[in-house]
Amino acid sequence: QVQLVESGGGLVQAGGSLRLSCAASGLTFSTYTMGWFRQAPGKEREFVAAINWINSRTYYADSVKGRFTISRDNAKNTGYLQMNNLKPEDTAVYYCAAGTTRATLSEGYWGQGTQVTVSS
């Protein structure tokens, strides 16, 4: 049974930092592209970042480029999202996903989400 479990969310002031973790089990994590998405109240889910499994190439939404960093530790079956200089508009539920490619992440496995709230 595949499980993705996010952690690290919370309440932070604007300008602060958080690091989200995504612990994976039940799959060969090193052969999956991993990504982060977010969904704010009343808005559609949006892509945040992804890191592929072949060469660890990273991809970011323009809104987080330069502030967020995605990484992975295959030995620990865990992915990370380091979020710096957080803004109130980053407030959302953050989900990690694992898929065969970046394009098919949404069709893969999902975690339950972790809330990130940024106060102004």
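Residues are numbered from 1 along each chain as its sequence is written, and side-chain values use heavy atoms, with hydrogens and water left out. Because the model is predicted, local features need pLDDT of at least 70 and side-chain atom pairs count only at pLDDT 80 or more, while totals for chains, interfaces and linings use all residues.

One disulfide is present in the structure, the term being applied to a pair of cysteine sulfur atoms within 2.5 Å. A disulfide is a covalent bond between the sulfur atoms of two cysteines. The partners are Cys-22 and Cys-96, with sulfur atoms 2.1 Å apart. The disulfide is right-handed, because the torsion about the S-S bond of Cys-22 and Cys-96 is about 55°. Cys-22 belongs to strand 3 (residues 18-25) and Cys-96 to strand 9 (residues 92-99), so the pair ties together parts that are 74 residues apart in sequence. Helices (H or I, at least four residues) and strands (E, at least two) are DSSP runs, numbered from the N terminus. Cys-22 and Cys-96 are both buried; buried means under 20% relative accessible area, exposed over 50%, and partly exposed in between (1.4 Å probe, protein chains only).

Two strands are taken to pair if DSSP finds at least two bridges between them. Strands of a sheet pair through backbone hydrogen bonds, either parallel or antiparallel. Between strand 7 and strand 8 (residues 78-83), the antiparallel pairing runs over six bridges. Arg-72 has Gly-79 of strand 8 as its bridge partner. Arg-72 also lies over the face of Phe-29, at 4.6 Å from the ring centre. Arg-102 lies over the face of Tyr-59, at 3.9 Å from the ring centre. For such a placement, NZ of Lys or CZ of Arg must be within 6 Å of the ring centre and within 35 degrees of the ring normal.

Four aromatic pairs were found in a search of the whole structure. Rings of Phe, Tyr and Trp (its six-membered ring) pair if their centres lie within 6.5 Å; planes under 30 degrees apart count as stacked, over 60 as edge-to-face and the rest as tilted. One of the pairs is formed by Phe-37 and Phe-47, which are edge-to-face at 5.7 Å centre to centre, with 75° between the planes. This pair links distant parts of the chain, Phe-37 being in strand 4 (residues 33-39) and Phe-47 in strand 5 (residues 46-51), ten residues apart. Phe-37 counts as buried at 9% relative accessibility, whereas Phe-47 counts as partly exposed at 25%. Tyr-95 and Trp-110 form another edge-to-face pair, 6.4 Å centre to centre and with 75° between the planes. Here too distant parts of the chain are linked, since Tyr-95 is in strand 9 and Trp-110 in strand 10 (residues 109-110), 15 residues apart. Trp-110 counts as partly exposed, at 25% relative accessibility. Ring pairs link Phe-37, Phe-47, Tyr-95 and Trp-110 into a cluster.

Tyr-94 is likewise found in strand 9 and is buried, with a relative accessible area of 0%. Leaving aside neighbours within four places in sequence, the residues in contact with Tyr-94 include Trp-36, Phe-37, Phe-68, Leu-81 and Met-83, contact meaning heavy atoms within 4.5 Å. The C-alpha atoms of Tyr-94 and Ala-50, which are 44 residues apart along the chain, are separated by 13 Å. Ser-21, in strand 3, counts as buried at 16% relative accessibility. With neighbours within four places in sequence again left aside, Ser-21 is in contact with Val-5, Glu-6, Ser-7, Trp-36, Thr-78, Gly-79 and Tyr-80.
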